[in-house]
Amino acid sequence: MTIADRPPIVGFIGTGHIATFHSKMLKRSGVEMIRGGCYDIDTARAEVFAQSSGSTVMNSEAEVIASSDIVYICTWTNEHQRLVDMCIAAGKPFFCEKPLSTGFDQAREMYDAASGSGLTHQCGLILRRSPAYLWARELITDPAAGAPMAVVFRDDQFIPIQGHYKSTWRGDVEKAGAGTLLEHSIHDVDMLRFLIGDVASVSARATYQHGIEGIEDCVAASVQFANGAIGTLTTIWHDNLSRPSLRHVEVFCENRTVIIAGDDWFGPITWSDSDGSTGSLEGEELLAKTAPLAHTHANPDAAFVLTAMNKESGFPDFSIALEAHRIVEAMYESARNEGANINVASVK
Ligand SMILES: NC(=O)c1ccc[n+]([C@@H]2O[C@H](COP(=O)([O-])OP(=O)(O)OC[C@H]3O[C@@H](n4cnc5c(N)ncnc54)[C@H](O)[C@@H]3O)[C@@H](O)[C@H]2O)c1
C-alpha cells in the first residue's frame, strides 16, 4: 500500500521533549494519520510517550522505520545523521530535528544525502512558520520600509541541563556538538537570514562560564549581510530559571523600525514609521494574519505530513538548515581565532 492510499503511519525515534511537542502539534492539526511505532533507548520514556500519543513501543529504530510511512527523528543531535541515512535507505520521508548534526561536515553530508534521495524531508527550524517572524518579514520587505540597515538580536535562556529540559546530553559535547549557538541559536541565525538576507561575513566571541568542556554559554557575534545591512547576535545560557527562552529582536530599516518581543508565536510585534505612524499585532489576530504566509500549512507538523503524502518538497528542508550551519560554523571559527572576520562562503 502506498502512502497516498490511506492516512500515513507516523513513527517516532526519540520520545523526549521535542517529540512530545510534535506529537501534540500533529494532534492539534487535525490532519488524518495513523499513530505507528515509537522507540527510545530509554524504554520508560517511550512508554510514557506511547500512552499519551497512541503510538506503540517498538524494540528498535529499524522496526519503527520499517513499519512507518513517515518518520520523526527526535533524538539528541549526534544520532541524527545515522538515522537519516537509515530512513533514506528504507525510502521513508523524514523530519529531522535541528541542529542537523554536531558539525558542519556532517551537516553537508546529510544535505547531500537528503537532497540526492528525492524524499520529502523537513528540519526543525520551526521559526520559519512563526507568526511573529512571518509578520516581521512582511514589514521589513515592504518597499515602504526602505532598505534594512541594522538588526539587534538577543536570545537568552537558562542553560537547559536543568529545569524542565533536564537534558544532561546538552552538557555533553559528544552528543550536542557545542553550546548555546549551535544547540539553540541556530534558530536565530536562520531568522537573521530570513528577516534580513544572506550573511557575508561574521566576527564572534564565545565564553565558557559554566566550565563545561566544548559547551559555550555566551556568544556575541557581529554580522555583515550581503545587502549591506549589519547586525549583532547575542546568545546566552544563564542560570536564571525564571527565563526559559526569551528573544528580543529589533530591526532598523530606512523608514521603519520593527520590534519582536515576548513570544515567538504570539508576539507582540510592534513597528513605527518615519511618517509617525505606529502599529502592533499579537495573539490570535497575528496568527490569523500570518497563516496564509506560512509554507504549505501554518502548523509545521501538518505541513510535513501533507508534503510527504503528496511526495512534495518539505519546508524548511536541509538546504536551509545547511546555510544556517555554515554561518554557525563561521562564527565558531571566528571565536576560535579571537574574533577574526570570517567570510561565510569560505566554510565549505
Ligand atoms: N526545534 C526546536 O525548537 C527544538 C527544541 C528542542 C529540542 N530540539 C532538538 O531535538 C533533539 C532532541 O531534543 P529534546 O529536547 O527532545 O531532548 P530530550 O532529552 O528530551 O529527548 C531526546 C531523547 O532521545 C533519546 N535517544 C537518544 N538516542 C537515541 C536513539 N539512538 N534511538 C532512540 N532514542 C534515542 C533519549 O533517550 C531521549 O529520550 C535535539 O537535537 C534538540 O536540539 C529542537
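User: How is the chain divided?
Analyst: The chain splits into domain 1 (3-126 + 301-315) and domain 2 (127-295 + 324-343). Those bounds come from an automatic or database domain assignment. This is a predicted model, where local features need pLDDT of at least 70, side-chain atom pairs count only at pLDDT 80 or more, and totals for chains, interfaces and linings use all residues. Residues are numbered from 1 along each chain as its sequence is written, and side-chain values use heavy atoms, with hydrogens and water left out.

User: What separates the centres of the two domains?
Analyst: 26 Å, taken over C-alpha atoms. The contact between them takes 18 residues from domain 1 and 21 residues from domain 2. Contact means heavy atoms within 4.5 Å.

User: On to the ligand. How many residues surround it?
Analyst: 26 residues. The closest are His17, Ile18, Asp40, Trp169 and Glu183.

User: Which domain does the shell draw on?
Analyst: Domain 1 and domain 2 each give at least three residues.

User: How does the shell divide into nonpolar, polar and charged?
Analyst: Eight are nonpolar, eight polar and 10 charged. Here Ala, Val, Leu, Ile, Met, Phe, Trp, Tyr, Cys and Pro count as nonpolar, Asp, Glu, Lys and Arg as charged, and the others, Gly among them, as polar.

User: Which atoms lie 2.9 Å from a ligand oxygen?
Analyst: A polar side-chain atom of Arg45 does. So does an N or O atom in the side chain of Trp169. Lys98 uses a backbone N or O atom, 3.0 Å from an oxygen atom of the ligand.

User: How much of the ligand does the protein bury?
Analyst: 94% of the 840 Å² that the ligand exposes when taken alone. Areas come from the Shrake-Rupley method with a 1.4 Å probe; for residues, only the protein chains shown count as cover.

User: Which elements give two or more residues to that shell?
Analyst: α1 (17-29) and α4 (80-90). Helices (H or I, at least four residues) and strands (E, at least two) are DSSP runs, numbered from the N terminus.

User: His22 next. Where is it?
Analyst: In helix α1.

User: Buried or exposed?
Analyst: His22 counts as buried, at 1% relative accessibility. Buried means under 20% relative accessible area, exposed over 50%, partly exposed in between (1.4 Å probe, protein chains only).

User: What joins the side chains of His22 and Asp301?
Analyst: A polar contact of 2.8 Å. That term means a pair of N or O atoms within 3.5 Å; within protein, one must be able to donate a hydrogen and the other to accept it, and residues adjacent in sequence count only if both atoms are side-chain atoms.

User: And Thr77, where is that found?
Analyst: In the loop between β4 (70-73) and α4. Thr77 counts as buried because its relative accessibility is 2%. Leaving aside neighbours within four places in sequence, its contacts include Pro99, Trp169 and Glu183.

User: What about the phi of Lys311?
Analyst: It is positive, about 55°, although Lys311 is not a glycine. Most residues other than glycine have a negative phi, and most peptide bonds are trans. Lys311 is exposed, at a relative accessible area of 64%.

Conventions:
A residue is near a molecule or strand if one of its heavy atoms lies within 4 Å of it.
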